[in-house]
Amino acid sequence: MSDIPSFLTGDLQAQLQAAARDAQARAYAPYSRFQVGAAVLDEQGRIHAGCNVENAAYPEGTCAEAGAIAAMVLAGGTRVRAVLVLGEGAAPVTPCGGCRQKLREFADAATPVLVADRQRLRAHFTLSELLPASFGPDHLARPDA
Ligand code: THU
C-alpha cells in the first residue's frame, strides 16, 4: 500500500472523516440498512460530503461518493485531491466499481482514497490501485481538426 501523501495531514484526514461521518448519519438506506458517507477534498481545499440515497426501485439508488462529487461540482470544484469513504462492517468499505470510475473523471492516478469507519482509518489506496488501466477524459482529447 502506498504512503498517504504529506499534503493530506492528520488534521485534514480528521476533517474528511468528520464530514463523512456527519454525512453517513444522514444516509437514506432503508433497504440495505447500510449507511455510507463520503467526503472529497477539492482543488481549493474545500471539503464536500455525500451520503447514499436508496430508492424503492433499487437500481435508482445512489452511492455516497456520487453525492459528494455532485456537491463538489455544484460548488464550483473541478478536481478531487483526496477522497474518504466511511462505513461500518466487517470489511473496509471501499468504493464500488462505478464510483471508482466516477472519481476517475475528477481525480488523478495518485489521488489518495481513504477508507474509514466512525472510529478509525482502516485502509488507503491510490485511485489507480483501485482502478488500474482506466479510461478517462484524457482519452477523449483529440488534436484540433
Ligand atoms: N454504498 C455506497 O454508498 N458507497 C460505497 O462505497 C459502497 C456502497 C451504498 C450503496 C447502497 O446504498 C449500500 O451502500 C449497500 O450497497
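Mentor: Happy to, and one term comes first: a polar contact is a pair of N or O atoms within 3.5 Å, where within protein one must be able to donate a hydrogen and the other to accept it, and residues adjacent in sequence count only if both atoms are side-chain atoms. The model is predicted, so local features need pLDDT of at least 70 and side-chain atom pairs pLDDT 80 or more, while totals for chains, interfaces and linings use all residues. Numbering starts from 1 along each chain as its sequence is written, and side-chain values use heavy atoms, without hydrogens or water.

Let's start with Q24. This residue sits in helix α1, which covers residues 10-25 (helices, H or I, have at least four residues and strands, E, at least two; both are DSSP runs numbered from the N terminus). With a relative accessible area of 3%, Q24 is buried (buried is under 20%, exposed over 50% and partly exposed in between, using a 1.4 Å probe and protein chains only). Its side chain makes a polar contact with the side chain of E88, at 3.0 Å. Setting aside residues up to four places away in sequence, Q24 also touches Q35, V36 and G37, then L86 and G87 as well as E88, and finally R118 (contact means heavy atoms within 4.5 Å).

V36 leads us to strand β1, residues 36-42, where V40 lies. V40 is buried, at 1% relative accessible area. Beyond its neighbours within four places in sequence, V40 has contacts that include L16, A68, M72, V80 and R46.

R46 brings in the charged pairs. The whole structure holds seven salt bridges (a side-chain nitrogen of Lys or Arg within 4 Å of a carboxyl oxygen of Asp or Glu). One of them joins R46 to D42, with the closest N and O atoms 2.8 Å apart. D42 is buried at 2%, whereas R46 is partly exposed at 27%. In another, D108 meets R79 at 2.6 Å between the closest N and O atoms. D108 is in the loop between α3 (97-104) and β4 (112-116) and R79 in the loop between α2 (64-74) and β3 (80-87), so this pair ties together parts 29 residues apart in sequence. Both partners count as partly exposed, D108 at 38% and R79 at 25%. D117 and R120 form a further salt bridge, 2.9 Å from N to O; D117 is buried at 6% and R120 partly exposed at 44%. Shared partners link R79, R81 and D108 into one salt-bridge network.

Back at the loop between α1 and β1, we find R33. Most residues other than glycine have a negative phi. R33, though not a glycine, has a positive phi of about 60 degrees, and at 69% relative accessibility R33 is exposed. A133, likewise not a glycine, has a positive phi of about 50 degrees. A133 belongs to the segment after α4 (127-130) and is exposed at 88%.
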